[in-house]
Amino acid sequence: MADKAAHESEMKVLARKADPALLEADLVACFACEGDVAPRGVQDAILRRELAAEMKAERFAGRMGDALVWNADGRFPSRRFLVFGLGPPERLSLETLHEGCARLIQKAERLGAARLGVGLPALEDASPAEAVRAAAEGLHLGAYRFERYLTDARRRRAEVAVVELATSQGSPAALRGAVERATWTSRAVALARDLVNEPPSRMNPLRLARRAQELARQAGIQARVLGPQALRRLGAEAILAVAAGSAHPAQVVHLTYRPSARKPRRRVVLVGKGVTFDSGGLNLKPGSGMLTMKGDMAGAAAVIAVMGALPEAGCRDEVHGLVGIVENMTGPRAFKPGDILRTLSGKTVEVDNTDAEGRLVLCDLLAYAVRQLKPQAIVDLATLTGACVVALGPRCAGVFSRHDKLRQEILEAGRRAGEMLWPLPMVENYLEQLQQGPADLKNVGGRWGGAILAALFLGEFVPREMPWVHLDIAGPAFQENETPPWPVGGTGAGVRTLLRWLER
(Lines give C-alpha, C1' and ligand atoms only; values in the text may rest on other atoms or scores of the structure.)
Protein backbone atom coordinates (compact mmCIF):
# COMPACT_ATOMS: atom_id res chain seq x y z
CA MET A 1 0.00 0.00 0.00
CA ALA A 2 1.67 3.19 -1.13
CA ASP A 3 -0.32 5.39 1.24
CA LYS A 4 -0.14 4.75 4.97
CA ALA A 5 -3.47 4.52 6.74
CA ALA A 6 -4.24 7.76 8.54
CA HIS A 7 -4.14 6.17 11.99
CA GLU A 8 -1.57 3.42 11.57
CA SER A 9 0.96 3.20 14.36
CA GLU A 10 4.49 4.24 13.39
CA MET A 11 5.77 1.32 15.45
CA LYS A 12 8.72 -0.56 13.92
CA VAL A 13 8.78 -4.37 14.17
CA LEU A 14 11.94 -6.47 13.77
CA ALA A 15 12.53 -10.24 14.01
CA ARG A 16 15.60 -12.39 14.53
CA LYS A 17 16.67 -15.80 15.74
CA ALA A 18 17.52 -15.26 19.39
CA ASP A 19 16.69 -16.14 22.98
CA PRO A 20 14.42 -13.65 24.80
CA ALA A 21 17.03 -13.47 27.59
CA LEU A 22 19.40 -11.68 25.18
CA LEU A 23 16.96 -8.97 24.06
CA GLU A 24 17.62 -5.44 25.23
CA ALA A 25 14.37 -3.54 25.79
CA ASP A 26 12.27 -1.69 28.35
CA LEU A 27 10.17 -4.84 28.64
CA VAL A 28 10.58 -8.37 27.29
CA ALA A 29 7.47 -10.56 27.05
CA CYS A 30 7.15 -14.31 26.69
CA PHE A 31 4.06 -16.50 26.61
CA ALA A 32 2.57 -19.32 28.65
CA CYS A 33 -0.59 -21.37 28.26
CA GLU A 34 -2.92 -22.69 30.93
CA GLY A 35 -1.16 -25.47 32.86
CA ASP A 36 2.36 -24.42 31.85
CA VAL A 37 4.87 -24.36 34.71
CA ALA A 38 7.37 -22.21 32.74
CA PRO A 39 7.13 -19.75 29.85
CA ARG A 40 7.42 -21.05 26.29
CA GLY A 41 10.21 -20.08 23.91
CA VAL A 42 12.80 -19.30 26.64
CA GLN A 43 16.02 -21.33 26.28
CA ASP A 44 18.15 -19.59 28.89
CA ALA A 45 18.03 -21.89 31.94
CA ILE A 46 18.43 -19.16 34.55
CA LEU A 47 15.71 -16.92 33.13
CA ARG A 48 13.41 -19.87 32.61
CA ARG A 49 13.90 -20.99 36.23
CA GLU A 50 13.34 -17.47 37.63
CA LEU A 51 10.15 -16.92 35.63
CA ALA A 52 8.85 -20.40 36.49
CA ALA A 53 9.35 -19.67 40.21
CA GLU A 54 7.52 -16.36 39.86
CA MET A 55 4.64 -18.04 37.98
CA LYS A 56 4.30 -20.56 40.80
CA ALA A 57 4.50 -17.95 43.55
CA GLU A 58 1.90 -15.72 41.89
CA ARG A 59 -0.33 -18.66 40.88
CA PHE A 60 -0.19 -17.55 37.27
CA ALA A 61 -3.15 -19.18 35.47
CA GLY A 62 -2.15 -18.60 31.82
CA ARG A 63 -5.60 -17.51 30.67
CA MET A 64 -5.74 -15.29 27.60
CA GLY A 65 -4.54 -11.86 28.69
CA ASP A 66 -3.19 -12.86 32.12
CA ALA A 67 -0.02 -10.90 32.86
CA LEU A 68 2.85 -11.27 35.35
CA VAL A 69 5.66 -8.68 35.56
CA TRP A 70 9.08 -9.61 37.00
CA ASN A 71 11.93 -7.15 37.62
CA ALA A 72 15.29 -8.63 36.60
CA ASP A 73 17.41 -6.38 38.89
CA GLY A 74 20.15 -5.98 36.29
CA ARG A 75 20.83 -9.69 35.74
CA PHE A 76 19.76 -9.52 32.07
CA PRO A 77 20.04 -6.88 29.34
CA SER A 78 16.35 -6.01 29.88
CA ARG A 79 15.14 -4.59 33.17
CA ARG A 80 11.64 -6.13 33.19
CA PHE A 81 10.10 -9.35 31.92
CA LEU A 82 6.43 -10.10 31.35
CA VAL A 83 4.78 -13.52 31.18
CA PHE A 84 1.59 -13.26 29.14
CA GLY A 85 -1.21 -15.83 28.97
CA LEU A 86 -2.47 -17.38 25.72
CA GLY A 87 -5.25 -19.61 27.10
CA PRO A 88 -5.70 -23.40 26.72
CA PRO A 89 -2.71 -25.12 25.03
CA GLU A 90 -4.97 -27.12 22.71
CA ARG A 91 -6.15 -23.83 21.18
CA LEU A 92 -2.67 -22.46 20.56
CA SER A 93 -2.65 -21.41 16.89
CA LEU A 94 -1.85 -18.54 14.55
CA GLU A 95 -5.18 -16.95 15.50
CA THR A 96 -4.43 -17.26 19.23
CA LEU A 97 -0.92 -15.83 18.79
CA HIS A 98 -2.33 -12.96 16.73
CA GLU A 99 -4.86 -12.08 19.44
CA GLY A 100 -2.32 -12.56 22.22
CA CYS A 101 0.11 -10.12 20.59
CA ALA A 102 -2.68 -7.58 20.04
CA ARG A 103 -3.48 -7.75 23.76
CA LEU A 104 0.21 -7.71 24.65
CA ILE A 105 0.99 -4.44 22.83
CA GLN A 106 -1.81 -2.72 24.73
CA LYS A 107 -0.42 -4.02 28.03
CA ALA A 108 3.05 -2.78 27.05
CA GLU A 109 1.61 0.66 26.29
CA ARG A 110 0.04 0.79 29.75
CA LEU A 111 3.39 -0.19 31.28
CA GLY A 112 5.12 2.66 29.44
CA ALA A 113 7.49 0.48 27.37
CA ALA A 114 8.88 2.39 24.40
CA ARG A 115 10.94 -0.62 23.29
CA LEU A 116 9.42 -4.10 23.60
CA GLY A 117 10.97 -7.54 23.12
CA VAL A 118 8.79 -10.60 22.49
CA GLY A 119 9.83 -14.25 22.69
CA LEU A 120 7.59 -16.33 20.42
CA PRO A 121 6.37 -19.84 21.24
CA ALA A 122 6.68 -22.67 18.72
CA LEU A 123 3.43 -23.61 16.93
CA GLU A 124 2.77 -27.17 15.78
CA ASP A 125 0.80 -26.20 12.66
CA ALA A 126 2.85 -23.21 11.47
CA SER A 127 6.40 -22.36 10.44
CA PRO A 128 8.50 -19.83 12.38
CA ALA A 129 7.95 -17.30 9.59
CA GLU A 130 4.17 -17.76 9.75
CA ALA A 131 4.30 -17.31 13.53
CA VAL A 132 6.36 -14.13 13.14
CA ARG A 133 3.88 -12.78 10.62
CA ALA A 134 0.87 -13.55 12.83
CA ALA A 135 2.59 -11.96 15.83
CA ALA A 136 3.66 -8.84 13.92
CA GLU A 137 0.17 -8.37 12.48
CA GLY A 138 -1.32 -8.75 15.95
CA LEU A 139 1.08 -6.14 17.34
CA HIS A 140 0.34 -3.62 14.58
CA LEU A 141 -3.42 -4.08 14.76
CA GLY A 142 -3.51 -4.11 18.55
CA ALA A 143 -1.71 -0.75 18.42
CA TYR A 144 -4.28 0.67 15.99
CA ARG A 145 -6.25 3.64 17.19
CA PHE A 146 -8.72 6.02 15.53
CA GLU A 147 -8.03 9.33 17.23
CA ARG A 148 -8.57 11.89 14.47
CA TYR A 149 -11.44 13.53 16.32
CA LEU A 150 -9.98 13.42 19.86
CA THR A 151 -9.03 16.86 21.18
CA ASP A 152 -8.16 15.76 24.74
CA ALA A 153 -4.52 14.64 24.69
CA ARG A 154 -5.04 12.75 27.96
CA ARG A 155 -7.25 10.25 26.14
CA ARG A 156 -4.57 9.40 23.59
CA ARG A 157 -2.68 6.18 24.26
CA ALA A 158 1.08 6.01 24.68
CA GLU A 159 2.88 4.27 21.82
CA VAL A 160 5.50 1.54 21.67
CA ALA A 161 8.16 2.68 19.22
CA VAL A 162 10.06 -0.56 18.50
CA VAL A 163 9.26 -4.26 18.92
CA GLU A 164 11.85 -7.00 18.45
CA LEU A 165 10.53 -10.53 17.96
CA ALA A 166 12.74 -13.44 18.99
CA THR A 167 12.24 -16.98 17.70
CA SER A 168 14.29 -20.15 18.09
CA GLN A 169 14.13 -21.11 14.40
CA GLY A 170 13.92 -19.61 10.92
CA SER A 171 16.33 -18.09 8.43
CA PRO A 172 16.99 -14.32 8.59
CA ALA A 173 15.55 -13.86 5.09
CA ALA A 174 12.33 -15.73 5.94
CA LEU A 175 11.84 -13.80 9.18
CA ARG A 176 12.55 -10.49 7.46
CA GLY A 177 10.06 -11.32 4.71
CA ALA A 178 7.42 -12.27 7.29
CA VAL A 179 7.77 -8.89 9.00
CA GLU A 180 7.53 -7.05 5.68
CA ARG A 181 4.37 -8.92 4.73
CA ALA A 182 2.89 -8.25 8.14
CA THR A 183 3.63 -4.54 7.76
CA TRP A 184 1.82 -4.00 4.49
CA THR A 185 -0.99 -6.38 5.43
CA SER A 186 -1.57 -4.48 8.68
CA ARG A 187 -1.44 -1.20 6.80
CA ALA A 188 -4.21 -2.45 4.51
CA VAL A 189 -6.34 -3.58 7.47
CA ALA A 190 -5.82 -0.21 9.19
CA LEU A 191 -6.91 1.56 6.01
CA ALA A 192 -10.11 -0.49 5.84
CA ARG A 193 -10.77 0.32 9.49
CA ASP A 194 -10.18 4.03 8.89
CA LEU A 195 -12.64 4.11 5.99
CA VAL A 196 -15.33 2.44 8.11
CA ASN A 197 -14.66 4.55 11.19
CA GLU A 198 -15.12 7.91 9.48
CA PRO A 199 -18.47 9.59 10.24
CA PRO A 200 -21.04 8.64 7.58
CA SER A 201 -21.79 12.24 6.61
CA ARG A 202 -18.09 12.73 5.84
CA MET A 203 -17.49 9.36 4.17
CA ASN A 204 -20.47 9.63 1.82
CA PRO A 205 -20.60 7.87 -1.59
CA LEU A 206 -18.85 10.65 -3.54
CA ARG A 207 -16.04 10.99 -0.99
CA LEU A 208 -15.50 7.24 -0.71
CA ALA A 209 -15.28 7.00 -4.51
CA ARG A 210 -12.73 9.83 -4.59
CA ARG A 211 -10.76 8.22 -1.77
CA ALA A 212 -10.64 4.95 -3.70
CA GLN A 213 -9.31 6.83 -6.74
CA GLU A 214 -6.62 8.56 -4.65
CA LEU A 215 -5.48 5.28 -3.12
CA ALA A 216 -5.39 3.61 -6.53
CA ARG A 217 -3.21 6.38 -7.92
CA GLN A 218 -0.81 6.12 -4.97
CA ALA A 219 -0.61 2.33 -5.32
CA GLY A 220 -0.09 2.46 -9.09
CA ILE A 221 -3.26 0.63 -10.10
CA GLN A 222 -6.07 1.72 -12.42
CA ALA A 223 -9.36 3.21 -11.26
CA ARG A 224 -12.55 3.97 -13.17
CA VAL A 225 -15.66 5.50 -11.61
CA LEU A 226 -19.11 4.78 -13.03
CA GLY A 227 -21.66 7.42 -12.06
CA PRO A 228 -25.46 7.40 -12.44
CA GLN A 229 -25.45 8.03 -16.20
CA ALA A 230 -23.04 5.20 -16.93
CA LEU A 231 -24.95 2.87 -14.61
CA ARG A 232 -28.22 3.78 -16.30
CA ARG A 233 -26.73 2.96 -19.70
CA LEU A 234 -25.62 -0.41 -18.35
CA GLY A 235 -29.09 -1.11 -17.00
CA ALA A 236 -27.98 -1.26 -13.35
CA GLU A 237 -31.43 -0.37 -12.08
CA ALA A 238 -31.07 -2.19 -8.77
CA ILE A 239 -28.10 -0.21 -7.47
CA LEU A 240 -29.64 3.03 -8.76
CA ALA A 241 -32.88 2.26 -6.93
CA VAL A 242 -31.08 1.82 -3.60
CA ALA A 243 -29.43 5.24 -4.00
CA ALA A 244 -32.59 7.03 -5.18
CA GLY A 245 -33.62 8.27 -1.73
CA SER A 246 -30.25 9.90 -1.03
CA ALA A 247 -28.87 13.29 -1.99
CA HIS A 248 -25.67 11.45 -3.00
CA PRO A 249 -25.74 9.56 -6.32
CA ALA A 250 -24.65 5.95 -6.69
CA GLN A 251 -20.99 5.34 -7.53
CA VAL A 252 -19.35 2.17 -8.77
CA VAL A 253 -15.54 2.11 -8.60
CA HIS A 254 -13.74 -0.39 -10.82
CA LEU A 255 -10.15 -0.93 -9.68
CA THR A 256 -7.73 -2.96 -11.79
CA TYR A 257 -4.40 -4.53 -10.84
CA ARG A 258 -2.24 -6.30 -13.41
CA PRO A 259 1.09 -7.94 -12.56
CA SER A 260 3.88 -6.19 -14.41
CA ALA A 261 6.47 -8.93 -14.70
CA ARG A 262 4.65 -11.81 -16.33
CA LYS A 263 1.41 -13.11 -17.79
CA PRO A 264 -1.32 -13.33 -15.12
CA ARG A 265 -2.16 -16.78 -13.77
CA ARG A 266 -5.89 -16.02 -13.81
CA ARG A 267 -8.42 -13.20 -13.69
CA VAL A 268 -10.11 -12.65 -10.32
CA VAL A 269 -12.86 -10.24 -9.32
CA LEU A 270 -13.42 -8.96 -5.79
CA VAL A 271 -16.83 -7.39 -5.14
CA GLY A 272 -17.63 -5.20 -2.13
CA LYS A 273 -20.86 -3.81 -0.74
CA GLY A 274 -20.42 -0.11 0.03
CA VAL A 275 -23.53 1.24 1.75
CA THR A 276 -21.98 4.25 3.51
CA PHE A 277 -25.09 4.58 5.67
CA ASP A 278 -28.14 2.34 5.83
CA SER A 279 -31.27 3.85 7.35
CA GLY A 280 -33.26 0.86 6.10
CA GLY A 281 -34.98 3.02 3.49
CA LEU A 282 -38.77 3.18 3.78
CA ASN A 283 -38.62 -0.04 5.81
CA LEU A 284 -36.95 2.17 8.39
CA LYS A 285 -34.68 0.64 11.01
CA PRO A 286 -35.31 1.46 14.68
CA GLY A 287 -33.01 4.16 16.04
CA SER A 288 -30.76 1.69 17.87
CA GLY A 289 -30.38 -0.32 14.67
CA MET A 290 -28.82 2.65 12.88
CA LEU A 291 -26.01 3.27 15.36
CA THR A 292 -23.56 0.96 13.58
CA MET A 293 -24.75 1.52 10.02
CA LYS A 294 -21.72 3.53 8.97
CA GLY A 295 -20.12 0.07 8.99
CA ASP A 296 -22.36 -1.18 6.18
CA MET A 297 -19.61 -0.31 3.70
CA ALA A 298 -17.05 -2.65 5.30
CA GLY A 299 -17.05 -4.97 2.28
CA ALA A 300 -16.15 -2.10 -0.04
CA ALA A 301 -13.51 -0.85 2.40
CA ALA A 302 -11.92 -4.31 2.46
CA VAL A 303 -11.83 -4.54 -1.34
CA ILE A 304 -10.31 -1.06 -1.70
CA ALA A 305 -7.65 -1.87 0.91
CA VAL A 306 -6.78 -5.24 -0.65
CA MET A 307 -6.50 -3.80 -4.15
CA GLY A 308 -4.07 -1.12 -2.98
CA ALA A 309 -1.85 -3.73 -1.30
CA LEU A 310 -1.54 -6.08 -4.29
CA PRO A 311 1.58 -4.45 -5.81
CA GLU A 312 3.47 -5.01 -2.53
CA ALA A 313 2.02 -8.53 -2.27
CA GLY A 314 3.59 -9.45 -5.61
CA CYS A 315 0.25 -10.87 -6.73
CA ARG A 316 0.50 -12.86 -9.97
CA ASP A 317 -3.22 -12.68 -10.78
CA GLU A 318 -5.04 -10.00 -12.73
CA VAL A 319 -7.42 -8.69 -10.08
CA HIS A 320 -10.43 -6.43 -10.51
CA GLY A 321 -12.11 -4.78 -7.54
CA LEU A 322 -15.72 -3.66 -7.92
CA VAL A 323 -17.29 -1.60 -5.16
CA GLY A 324 -20.86 -0.35 -5.27
CA ILE A 325 -21.21 2.78 -3.14
CA VAL A 326 -24.63 4.13 -2.11
CA GLU A 327 -26.62 5.56 0.78
CA ASN A 328 -29.95 3.90 1.59
CA MET A 329 -32.10 6.84 2.67
CA THR A 330 -35.77 7.90 2.82
CA GLY A 331 -35.84 10.91 0.50
CA PRO A 332 -38.81 11.71 -1.77
CA ARG A 333 -37.48 9.51 -4.58
CA ALA A 334 -36.73 6.51 -2.35
CA PHE A 335 -37.57 3.11 -3.78
CA LYS A 336 -40.58 1.40 -2.27
CA PRO A 337 -41.75 -2.03 -1.14
CA GLY A 338 -43.56 -3.53 -4.10
CA ASP A 339 -41.34 -1.91 -6.72
CA ILE A 340 -40.07 -4.20 -9.48
CA LEU A 341 -36.53 -3.53 -10.63
CA ARG A 342 -34.86 -4.68 -13.82
CA THR A 343 -31.28 -5.59 -12.90
CA LEU A 344 -28.15 -5.34 -15.03
CA SER A 345 -28.44 -9.07 -15.76
CA GLY A 346 -31.91 -8.58 -17.24
CA LYS A 347 -33.63 -10.43 -14.38
CA THR A 348 -36.39 -8.65 -12.52
CA VAL A 349 -36.60 -8.33 -8.74
CA GLU A 350 -39.59 -7.41 -6.61
CA VAL A 351 -38.69 -5.35 -3.55
CA ASP A 352 -40.28 -6.92 -0.49
CA ASN A 353 -38.11 -4.99 1.95
CA THR A 354 -36.00 -1.88 1.27
CA ASP A 355 -33.73 -2.83 4.18
CA ALA A 356 -32.50 -5.83 2.18
CA GLU A 357 -30.63 -3.41 -0.06
CA GLY A 358 -27.12 -4.90 -0.02
CA ARG A 359 -28.05 -7.81 -2.23
CA LEU A 360 -29.53 -5.34 -4.74
CA VAL A 361 -26.21 -3.52 -4.91
CA LEU A 362 -24.25 -6.75 -5.23
CA CYS A 363 -26.47 -8.38 -7.85
CA ASP A 364 -25.70 -5.63 -10.37
CA LEU A 365 -21.97 -5.77 -9.55
CA LEU A 366 -21.88 -9.55 -9.94
CA ALA A 367 -23.67 -9.34 -13.28
CA TYR A 368 -21.22 -6.65 -14.40
CA ALA A 369 -18.28 -8.86 -13.38
CA VAL A 370 -19.65 -11.83 -15.31
CA ARG A 371 -20.57 -9.89 -18.45
CA GLN A 372 -17.68 -7.43 -18.72
CA LEU A 373 -14.75 -9.29 -17.14
CA LYS A 374 -15.38 -13.04 -17.59
CA PRO A 375 -13.22 -14.01 -14.59
CA GLN A 376 -11.97 -17.39 -13.43
CA ALA A 377 -13.09 -16.63 -9.85
CA ILE A 378 -15.31 -14.14 -8.01
CA VAL A 379 -15.31 -13.39 -4.27
CA ASP A 380 -17.77 -10.94 -2.77
CA LEU A 381 -17.72 -9.46 0.74
CA ALA A 382 -20.74 -7.88 2.40
CA THR A 383 -22.19 -7.01 5.77
CA LEU A 384 -25.28 -8.69 4.43
CA THR A 385 -27.49 -10.36 7.04
CA GLY A 386 -28.21 -10.26 10.73
CA ALA A 387 -29.13 -13.92 10.33
CA CYS A 388 -25.46 -14.77 9.79
CA VAL A 389 -24.58 -13.02 13.05
CA VAL A 390 -27.28 -15.02 14.84
CA ALA A 391 -25.85 -18.23 13.39
CA LEU A 392 -22.11 -17.59 13.87
CA GLY A 393 -21.81 -14.75 16.38
CA PRO A 394 -19.86 -11.49 16.15
CA ARG A 395 -16.40 -12.87 15.37
CA CYS A 396 -17.02 -15.37 12.56
CA ALA A 397 -17.84 -14.79 8.87
CA GLY A 398 -20.06 -17.12 6.85
CA VAL A 399 -18.70 -18.68 3.65
CA PHE A 400 -21.13 -19.69 0.89
CA SER A 401 -20.21 -21.33 -2.40
CA ARG A 402 -21.24 -23.98 -4.92
CA HIS A 403 -17.56 -24.61 -5.75
CA ASP A 404 -15.64 -26.81 -3.34
CA LYS A 405 -12.13 -25.94 -4.55
CA LEU A 406 -12.53 -22.18 -4.29
CA ARG A 407 -14.37 -22.49 -0.97
CA GLN A 408 -11.49 -24.54 0.43
CA GLU A 409 -8.90 -22.04 -0.86
CA ILE A 410 -10.67 -19.20 0.97
CA LEU A 411 -11.11 -21.23 4.16
CA GLU A 412 -7.42 -22.18 4.17
CA ALA A 413 -6.40 -18.57 3.53
CA GLY A 414 -8.58 -17.54 6.48
CA ARG A 415 -6.95 -20.16 8.70
CA ARG A 416 -3.47 -18.94 7.83
CA ALA A 417 -4.57 -15.33 8.32
CA GLY A 418 -6.11 -16.11 11.71
CA GLU A 419 -9.59 -14.94 10.70
CA MET A 420 -12.58 -17.02 11.73
CA LEU A 421 -14.55 -18.34 8.72
CA TRP A 422 -17.17 -21.06 8.66
CA PRO A 423 -18.82 -22.74 5.63
CA LEU A 424 -22.61 -22.55 5.47
CA PRO A 425 -24.79 -24.49 2.99
CA MET A 426 -26.45 -23.31 -0.20
CA VAL A 427 -29.75 -25.15 0.31
CA GLU A 428 -31.10 -25.07 -3.24
CA ASN A 429 -34.64 -26.02 -2.23
CA TYR A 430 -34.95 -22.72 -0.37
CA LEU A 431 -34.64 -20.82 -3.65
CA GLU A 432 -38.33 -21.30 -4.38
CA GLN A 433 -39.11 -18.88 -1.53
CA LEU A 434 -37.54 -16.14 -3.66
CA GLN A 435 -39.39 -17.17 -6.84
CA GLN A 436 -42.92 -16.28 -5.80
CA GLY A 437 -44.70 -13.18 -7.09
CA PRO A 438 -44.77 -11.09 -10.28
CA ALA A 439 -40.98 -10.85 -10.81
CA ASP A 440 -38.21 -13.37 -11.40
CA LEU A 441 -37.05 -13.01 -7.79
CA LYS A 442 -38.00 -11.35 -4.52
CA ASN A 443 -35.24 -9.72 -2.52
CA VAL A 444 -36.25 -11.51 0.70
CA GLY A 445 -37.83 -14.85 1.54
CA GLY A 446 -39.29 -16.32 4.71
CA ARG A 447 -38.20 -15.69 8.28
CA TRP A 448 -35.81 -18.60 8.61
CA GLY A 449 -32.40 -19.16 7.00
CA GLY A 450 -31.97 -15.51 6.02
CA ALA A 451 -28.23 -15.75 5.36
CA ILE A 452 -28.75 -18.77 3.09
CA LEU A 453 -31.58 -17.05 1.21
CA ALA A 454 -29.39 -13.98 0.64
CA ALA A 455 -26.59 -16.16 -0.73
CA LEU A 456 -29.04 -18.00 -3.00
CA PHE A 457 -30.31 -14.66 -4.29
CA LEU A 458 -26.77 -13.57 -5.19
CA GLY A 459 -26.07 -16.94 -6.77
CA GLU A 460 -28.78 -16.29 -9.35
CA PHE A 461 -26.54 -13.60 -10.88
CA VAL A 462 -23.48 -15.83 -11.31
CA PRO A 463 -23.40 -18.74 -13.78
CA ARG A 464 -23.39 -22.02 -11.87
CA GLU A 465 -20.19 -23.17 -13.55
CA MET A 466 -18.28 -20.01 -12.53
CA PRO A 467 -16.29 -20.35 -9.27
CA TRP A 468 -17.77 -17.87 -6.79
CA VAL A 469 -17.62 -17.40 -3.02
CA HIS A 470 -19.82 -15.12 -0.94
CA LEU A 471 -18.46 -13.93 2.42
CA ASP A 472 -21.10 -12.62 4.83
CA ILE A 473 -19.01 -10.48 7.20
CA ALA A 474 -21.92 -8.88 9.06
CA GLY A 475 -20.64 -10.23 12.39
CA PRO A 476 -16.88 -9.57 12.40
CA ALA A 477 -16.79 -6.37 10.31
CA PHE A 478 -17.81 -3.99 13.08
CA GLN A 479 -17.46 -4.18 16.87
CA GLU A 480 -20.40 -2.58 18.66
CA ASN A 481 -18.67 -2.84 22.05
CA GLU A 482 -15.02 -2.82 22.99
CA THR A 483 -13.95 -6.46 23.19
CA PRO A 484 -10.22 -6.46 23.96
CA PRO A 485 -8.03 -6.34 22.08
CA TRP A 486 -10.31 -4.92 19.40
CA PRO A 487 -11.73 -1.40 19.75
CA VAL A 488 -15.26 -0.28 18.91
CA GLY A 489 -15.71 0.24 15.18
CA GLY A 490 -14.37 -1.22 11.98
CA THR A 491 -12.13 -4.29 12.14
CA GLY A 492 -10.95 -4.71 8.52
CA ALA A 493 -12.57 -8.16 8.35
CA GLY A 494 -11.63 -10.13 5.25
CA VAL A 495 -8.56 -8.11 4.29
CA ARG A 496 -6.00 -10.54 5.72
CA THR A 497 -7.81 -13.56 4.28
CA LEU A 498 -7.97 -12.13 0.76
CA LEU A 499 -4.34 -11.04 0.83
CA ARG A 500 -3.24 -14.53 1.94
CA TRP A 501 -5.27 -15.94 -0.96
CA LEU A 502 -3.92 -13.53 -3.57
CA GLU A 503 -0.35 -12.84 -2.56
CA ARG A 504 2.54 -14.51 -4.39
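**Loops, sheets and helix pairs**

Guide: Start with P485, in the loop between β18 (478-479) and β19 (489-490). Keep in mind that this is a predicted model.

Visitor: Is the peptide bond from P484 to P485 cis or trans?

Guide: Cis. Omega is near 10 degrees there. In general, most peptide bonds are trans.

Visitor: Let's zoom out. How many helices and strands are in the protein chain?

Guide: The protein chain has 13 helices and 19 strands.

Visitor: What does the C-alpha trace span along its principal axes?

Guide: About 80 × 50 × 45 Å.

Visitor: Sheets next. What is the strand order in the sheet of 6 strands?

Guide: The order is β1-β6-β5-β2-β4-β3. This sheet is open, with mixed pairing. β1 (12-17) and β3 (67-71) are the edge strands, and each pairs on one side only.

Visitor: How much are neighbouring strands of this sheet turned against each other?

Guide: By 20 degrees on average, ignoring direction.

Visitor: Take β2 and β4. Parallel or antiparallel?

Guide: Parallel. Strand β2 (residues 27-32) is joined to strand β4 (residues 80-85) by 5 bridges. A32 stands opposite G85 in β4.

Visitor: Which strands does helix α1 lie across?

Guide: β2, β3 and β4. Helix α1 covers residues 45-57 and runs at about 125 degrees to β3.

Visitor: What about the open sheet of 3 strands, what order does it have?

Guide: β11-β12-β16, again with mixed pairing. β11 (340-342) and β16 (441-442) each have a single partner strand, so one side of each is left without a neighbour in the sheet.

Visitor: How many bridges link β12 and β16?

Guide: There are 2, and the pairing is parallel. Strand β12 covers residues 348-350. V349 stands opposite L441 in β16.

Visitor: On to helix packing. At what angle do α4 and α8 cross?

Guide: Roughly 155 degrees, with axes that come within 8 Å. Angles over 145 count as roughly antiparallel, and α4 and α8 are therefore roughly antiparallel to each other. Their crossing is right-handed.

Visitor: Which residues make that contact?

Guide: From α4, they include R181, W184, R187 and A188. From α8, they include A298, A301, I304 and E312. The residues of this contact divide into 13 nonpolar, no polar and 3 charged.

Visitor: And α4 with α13, how far apart are the axes?

Guide: They are 9 Å apart, and the helices pack at about 140 degrees. Helix α4 is residues 172-197, and helix α13 is residues 495-502. α4 and α13 are therefore oblique to each other. α4 passes α13 in a right-handed crossing.

Visitor: What does α13 bring to that contact?

Guide: V495, R496, L499 and R500. They meet W184, T185, A188, V189 and A192 of α4. The residues of this contact divide into 6 nonpolar, 1 polar and 2 charged.

Methods. Residues are numbered from 1 along each chain as its sequence is written. This is a predicted model: local features need pLDDT of at least 70, side-chain atom pairs count only at pLDDT 80 or more; totals for chains, interfaces and linings use all residues. Side-chain values use heavy atoms; hydrogens and water are left out. Axes are lines fitted to C-alpha atoms, for helices over the stretch in contact, and angles run from 0 to 180 degrees between N-to-C directions. Helices (H or I, at least four residues) and strands (E, at least two) are DSSP runs, numbered from the N terminus. Angles under 35 degrees count as roughly parallel, over 145 as roughly antiparallel, 65 to 115 as roughly perpendicular and the rest as oblique. A crossing is left-handed if the near helix is turned anticlockwise from the far one by less than a right angle, and right-handed if clockwise. Contact means heavy atoms within 4.5 Å. Ala, Val, Leu, Ile, Met, Phe, Trp, Tyr, Cys and Pro count as nonpolar, Asp, Glu, Lys and Arg as charged, and the others, Gly among them, as polar. Two strands pair if DSSP finds at least two bridges between them.
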